[in-house]
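Student: Could we go through a few structural terms together and see what stands behind each one?
Tutor: Gladly, let's look at the model first.

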Amino acid sequence: MTGRSPRLGRLRRTAPDGRVSRPVEARGARPRRRGTQPKVVALGGGMGLSASLAALRRITGDLTGVVTVADDGGSSGRLREELGVLPPGDLRKALAALCGDDDWGQTWARVIQHRFQSQGEINGHAVGNLLIVALWEQLGDHVQALDLVGRLLGAQGRVLPMSAVPLELQALVKGHDPERPDDVDTVRGQATVALTPGEVQSVHLVPHDPPAVPEAVAAVLDADWVVLGPGSWFSSVMPHLLVPDLLDALVETKARRVLSLNLAPQPGETEGFSPQRHLEVLGRHAPKLALDVVLADVAAVPDRDSLTDAAKRFGAAVELAPVARPDGTPRHDPELLAAAYDRIFRMHGRIGPWR
């Protein structure tokens, strides 16, 4: 593409003298260490994004996680309904994943992930959710509050919401009601979409044109690498492509883009999906998006040729690597995933020092 989209132009700020400033810079971000490490942005939500961040913090200190804000279940859903705030749960998980391996980092990771157990209203709430919401109310600024929590935890990176307004995920689902297997219904709410027994045809957000957080857009535009996935495909990965300003940034960024596939289909949401079908769904929702690399676990791809063909439609190469935990559970191993990302960054990255 030859020029910035009109949408991204809205993210420039006007100085008091009327001059247009540069795109919004990330507040509180560490200065870039040029020539030493890649600047990486990872997008997603839930445990999938946590896996990516836990791996990426091992290979770069210039790391930003951009988190979906459509969750409406559990503690996040209760806080969202009662206080009208962004759902903090996936933001909390991302911050915990960025905690270091020293005593300080691991202690704080456990603290913010701790859930109260009681017979009262506090039952099920996570400490980190309450802390994040309290700082939002105190500071009146989502980004500043998350940066402050990150400093408290000693987080090795930064966490941003993809939008500053709570979003509702809606899906068109065939067979959501097992008694009407051929009917297509609108299913509302991320928690419900994630567990539907039917076939998800498409997803969209309400509101349909949500504003992106400017710092998230700026991070994508300024990145060396953008990582999308793994995670719940329709409820954690796809929502980023449904925020217009963020999608424009993903399409227009000079960064190289890697898509990290899941280890196995998710019961309900992507039951029976092949690796290549995940790509086909992505292409239907974001036909202008190009990719450089598709990463998949070597044991999770029964038909490499079909996956290679699907990746070529995005302009991407396929990289297969052992990234699953050795215990057989469908979870990514942080060390193995870090090794795979590091190899991709070196093999498919720019020649010579970063930037």
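**Strands and helices, term by term**

Tutor: In strand 11, Val-294 is the bridge partner of Leu-259. This is a predicted model, in which local features need pLDDT of at least 70, side-chain atom pairs count only at pLDDT 80 or more, and totals for chains, interfaces and linings use all residues. Residues are numbered from 1 along each chain as its sequence is written, and side-chain values use heavy atoms, leaving out hydrogens and water.

Student: What makes strand 10 and strand 11 a pair?
Tutor: Two strands pair if DSSP finds at least two bridges between them. Strand 10 and strand 11 (residues 293-297) have three, in the parallel sense. Strand 9 (residues 225-228) is also parallel to strand 10, with four bridges, and Val-226 stands opposite Arg-257.

Student: Why is helix 9 called roughly parallel to helix 11?
Tutor: Helix 9 (residues 214-221) and helix 11 (residues 244-252) pack at about 10°, with axes 8 Å apart. Angles under 35 degrees count as roughly parallel (over 145 roughly antiparallel, 65 to 115 roughly perpendicular, the rest oblique). Therefore helix 9 is roughly parallel to helix 11.

Student: Which residues of helix 9 and helix 11 meet?
Tutor: Ala-216, Val-217, Val-220 and Leu-221 in helix 9 meet Asp-245, Leu-246, Ala-249 and Leu-250 in helix 11, where contact means heavy atoms within 4.5 Å.

Definitions and conventions: Axes are lines fitted to C-alpha atoms, for helices over the stretch in contact, and angles run from 0 to 180 degrees between N-to-C directions. Helices (H or I, at least four residues) and strands (E, at least two) are DSSP runs, numbered from the N terminus.
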